[in-house]
Amino acid sequence: MKRFLTPKGLIGLSLVLAILLIAILAPLLIPADLATRMTMTARLRPPSADYLLGTDQLGRSLFYRVMLGANTSLMIAGAAVAMSVLLGLPLGIISGYYRGHVDNVLMRLVDTLLSFPALLLALTISAMLGPNLPNTIIAIGIAFTPFLARIIRGEALRVAQMPYVEAARAAGTNDLQMILRHILPNIMPPIIVQATISLAFAILAEAGLSFLGLGTQPPQSSWGLMIQASRDYLDIAPWTALVPGAAVALTVLGLNMFGDTLRDVLDPRTK
Amino acid sequence: MLDRKSETLNTASNHSAQPLVSVENLRVEFDTDDGIVVGVENVSFSIMPGETVCVVGESGSGKSVTSLSLMRLVEFGGGRITKGSLRFNRASGEMMDVVHADTALMQEIRGNEIGMIFQEPMTSLNPVFTIERQLTDGLRIHKGLSQEAARAMALELLKSVRIPEPERRLKQYPHELSGGMRQRVVIAMAMACEPRLLIADEPTTALDVTIQAEILALIDRLKRENGMAVLFITHDMAVVAQMADRVVVMYRGNVVEQGTVDQIFETPREEYTRALLAAVPKLGEMRGKAAPEPMRILGAEPTPPIQPSVAQDLDREVLLNVKNLTTRFPVKGGVLRRTVANVHAVEDVSFSLKVGETLSLVGETGCGKSSCGRSILRLIEAYTGEIWLDGQDIRKLGATELRQARRNMQMIFQDPFASLNPFRRLQDQVAEPLLNFHLTSGRELEDRVAHLFDRVELPRSFLRRYPHELSGGQRQRVAIARAIATNPKLIVADEAVSALDVSVQAQVLNLLMELQADLGLSFLFISHDMAVVERVSHSVGVMYLGRIVELGPRQAVFEDPRHPYTKSLMLAVPIADPRQRRMHENLKFKPVPSPIFPLGHEPERSAYDEVAPGHYVLRPS
């Protein structure tokens, strides 16, 4: 863990921990009505002593909304990305390792999915399953799977051609052991990087779904929903977009730094 | 030889002993994440006009850093010249200070007064431009020639480096040329502005030995015809012996010794130079000896006596018998990716290997030697043929049986950096074959792995380390430990020492020979290096275009080569002895034809004449 003790590692780790803490603790500590209470006399207020980060078009406190939104946004993004990694890993590894017909069939399938914009795909799936939280996660998870599967396949293809894989085969290693001992550890670094980037896109994808009425349902708060709602007031109340936008940006920054460091920590070559 | 010497003296005296290049107390530092690393320190030497100076050293010796500093190219790799002076005598007669020259002046010098050629001819040519474009660009920039004049000159240059069909080459792209031709183009580019100094950084390391011989002869000729000085960077003492007027020996960023080529080879003063020279196998030095012999290692205890290196023991059992092995790779083409042709990688190859002996397959790139080794282990599938190992036809085994059979046949790969998984501890990698075959487990497994480390002379403290913490030679020892873990009978060593420095190569070769003596291993030794093969083999098969063209006891093949290809191969190998120079003016070897044949092409079978007992030569078709 010594490798986390770099400036980048420490900033990344603290940001991620802080945001996680907020996401977990906010719903327990902040009464829900603080974030949903509308004050019609205090609409679109700029940040002030009364309203720490200002208010939105319905006079709700942006501070509380962004705090409570962390939970929804991170849970959806985290679960969706985890799902796409779990789906993408077997798809990509089987394609890249076995190649041939299996690869052709699986990758044409993936290409088909890739040919739809991810959001449109998520939208279709979400519309089919119905708008609720688990379905939003499934929709985004499936929509993101082709990207990960593609990257994982490429990496698996590269690693499968490394001499150490041939050496292991010559030493009598079977396919399952080969994948677990040799392929998987060596393809992890780019997957970690891709997964952290995907988290950011997943937060935004959730926003897109929410905007179309298929993601998070009001009055529940999410960062995506907040960004979408701010759209009409950008010129008169830019903070309504900046506050949730900054939350997303900080999360992505923290995750990227954390992911980079995690990759270095896992790689014995950088010790 | 005499001729060459007087010539050097001539050119030297003509220029009133003013050095072309003088390097004094050069120090280059690199900024890395772990602080400042010194690349070279206290390096001083000079190059006289018309002279070839070879800078020789093993990896990490700083030889490339030195040559890059001379062009100030080292800055592009993150280096800084922090001390010393580099002076270059310009065509105008003015002595310039390279260290403090500004960018504009350096650009004027680079490629104009100092030409440079690199190791990898494919990467130093731009793949998207034709040869003509690449050649004429430099001419137009540095010489201000018109398109027409530049084109005419490019053609002249290609002729001067003796490229066949130069007119056609101008219109071709780099990938359409062979490696040797590409290096000729690179040399032509470097020669375009008639530089006063040519820096050649390992120009032949990536090339086959016959092409190397041609390129070395070409550089030598250009040097003599144009009175150009050459700074030749290499790791290969044999090349040094063939090329150098003077030699600078480097080790870990310092100059160890410098002197004339004769002095360095005949009376080396420094211990390191002597060790380096001792470790180089010289082709022909095994003349009259029937059995393999360990390499000399200076400084180590006197050559360990390796016992059962007895001459060809006719009574020994045959371990591996390969019959009519043929391997083809499909060439896919067209919209439907159908097979349109076949690469005939291995063509009707037969040989047998006895218990406890080494059979070497030797040949140039693409001759099929590696494919042959891989086919035998079934890492690739052969097309036809039989592979009898210990009474079992390996080609007939099903997946489970094959996995079991792999206990008895293991492989050592060329690149010790790539053949170990960077994410696993060394002990786990050596234990892998033992685990795969459930041979042992737990405490016993740990003991066995530790003993294997002892056996290959690696400290036990390495057990828990990762590959990147080891040097190339140490990694290759790990790979050897892994290969002998299951007590196999056959080990295929595919260029197992090619990537190693010469002193390390000698140690690893001795380790292999020791293991053979102790464990009765049989080696199928695949190599392009004739001198190494001569040292380690009991029998030799020379491969060319997928076939074995000559097969027999090592002594017979090396001392009495019969096939024309074997002969030209022997002629092309540079010898680490300046008294045996072979820089023939018109060295010209036949290019190797393509091994790609249309579908359904059935080449005729290999037929051999037995010219001496056990010595077979392919009958010309």
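Because the model is predicted, local features are taken only at pLDDT of at least 70 and side-chain atom pairs only at 80 or more, while totals for chains, interfaces and linings use all residues. Residues are numbered from 1 along each chain as its sequence is written, and chains are lettered from A, with ligands numbered from 1, in the order in which they are written.

Let me begin with the interface. Here 23 residues of chain B are in contact with 18 residues of chain A, where contact requires that C-beta atoms, placed from the backbone, lie within 7 Å. On the chain B side, strand S16 (409-412) and helix H14 (426-436) each supply at least two residues, and the largest share, 3 residues, comes from H14(B). Helices here are DSSP runs of H or I with at least four residues, and strands are runs of E with at least two, numbered from the N terminus.

S16 of chain B also belongs to an open sheet of 8 strands with mixed pairing, in the order S16-S17-S18-S13-S19-S20-S23-S22; two strands pair if DSSP finds at least two bridges between them. S16 and S22 (608-612) of chain B stand at the edges with a single partner strand each, so one side of each has no neighbour in the sheet. Within the sheet, S13 (358-362) and S18 (522-527) of chain B pair in the parallel sense over 5 bridges, and B:Ser360 has B:Phe525 in S18(B) as its bridge partner.

Turning to helix H11 (271-279) of chain B, its buried residues are B:Tyr272, B:Thr273, B:Leu276, B:Leu277 and B:Ala279. Buried means 20 or more other C-beta atoms within 10 Å of the residue's own, exposed means 12 or fewer, and partly exposed lies in between, with C-beta atoms placed from the backbone. Seen down the axis of H11(B), these residues fall within an arc of 165°, so they line one face of the helix; the arc is that of the directions from the helix axis to the C-beta atoms. Among the elements that the buried residues of H11(B) pack against are helix H9 (237-243) and helix H17 (502-519) of chain B.

Finally, the backbone angles. A:Arg99, which is not a glycine, has a positive phi of about 50°; A:Arg99 is found in the loop between helix H3 (62-98) and helix H4 (100-114) of chain A, and is partly exposed. B:Asp348 likewise has a positive phi of about 50° without being a glycine, but its place is in strand S12 (338-354) of chain B, and B:Asp348 counts as buried.

Note on methods. Two residues are in contact if their C-beta atoms, placed from the backbone, lie within 7 Å.
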